[in-house]
Amino acid sequence: MTAQYKIPESVLVVIHTAEMEVLLIERADRPGFWQSVTGSKDVENELLLETAVREVAEETGIVVQNLSTPVPAASEFSAVALENLQDWQLSNVYEIYPVWRHRYAPGVTQNTEHVFGLLVPREIPIVLAPREHLNFIWLPHREAADRCFSSSNAEAILQLPMHMKI
């Protein structure tokens with residue numbers, strides 16, 4: 001059996017409210033490390049929008065979809081309109097932390113991360129994936145940026161005001 005390596009292309013989704021509060025989630029494998037939703041493509045031809053929708057659902061329980069289609073029956077899920085997910089047309093190329101390089105093909109040292117924003121109501125239920133995240137917190141965007149362990153995540157959050165629809 002051949003090893004399944006992670007694809008070095010990922011999304012970062014800044015989940016926020018209209019009041020610019022940002023949702024941060026604490027990593028289970030690194031307690032104290034707070035971040036936005038992140039995740040790699042599952043397959044090479046997966047669209048970045050699909051990756052963002054999948055990762056948001058997996059990590060928070062928020063279902064991003066065309067609201068003319070039914071929401072999954074499970075009551076813990078909350079739906080948000082697909083129009084609320086915006087590609088910020090921003091990418092970061094960064095060095096993969098050595099501790100996580102074994103997940104990638106030999107010789108892969110960099111990842112390209114594409115930034116999205118997702119507008120949600122503040123009261124939306126959050127259902128964390130317990131193997132991935134321990135806690136969540138809503139913070140004003142500047143405080144959220146200060147709490148992030150990743151500089152690219154912090155920089156994306158600081159750009160939130162430029163991406164808000166007026």
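This report looks at the nonpolar cores, a surface patch and the salt bridges of a predicted model.

In soluble globular proteins, nonpolar side chains tend to be buried together. The largest nonpolar core here has 20 residues, and those with the most contacts inside it are Val13, Ile15, Val56, Ile62, Leu118 and Val120. Two or more residues of this core come from each of the elements β1 (9-16), β2 (21-27), α1, β5 (62-65) and β8 (110-119).

Leaving aside residues up to four places away in sequence, Val13 touches Ser36, Val37, Ala52, Val56, Leu85, Phe116 and Leu118.

## A nonpolar patch on the surface

Leu47, Leu49 and Leu82 form a nonpolar patch on the surface, and together they have about 240 Å² of accessible area. Leu49 lies in helix α1 (residues 48-60), and Leu49 counts as partly exposed because its relative accessibility is 37%.

## Salt bridges

The model has nine salt bridges. One of them joins the side chains of Asp29 and Arg103, at 4.0 Å from N to O. This pair links distant parts of the chain, since Asp29 is in the loop between β2 and β3 (34-35), while Arg103, 74 residues apart from it, is in the loop between β7 (85-95) and β8.

Within helix α1, Arg54 and Glu58 lie four residues apart, about one turn of the helix, and their side chains meet in a salt bridge of 3.5 Å, N to O. Arg54 is buried, with a relative accessible area of 15%, whereas Glu58 is partly exposed at 38%.

Technical notes: Residues are numbered from 1 along each chain as its sequence is written. This is a predicted model: local features need pLDDT of at least 70, side-chain atom pairs count only at pLDDT 80 or more; totals for chains, interfaces and linings use all residues. Side-chain values use heavy atoms; hydrogens and water are left out. Patches are made of residues with over 30% relative accessible area and no salt bridge: like charges are joined within 9 Å, nonpolar side chains (Val, Leu, Ile, Met, Phe, Trp, Tyr) within 5 Å. Accessible areas come from the Shrake-Rupley method with a 1.4 Å probe; for residues, only the protein chains shown count as cover. Buried means under 20% relative accessible area, exposed over 50%, partly exposed in between (1.4 Å probe, protein chains only). A nonpolar core is a set of buried Ala, Val, Leu, Ile, Met, Phe, Trp, Tyr and Cys residues joined through side-chain atoms within 4.5 Å. Contact means heavy atoms within 4.5 Å.
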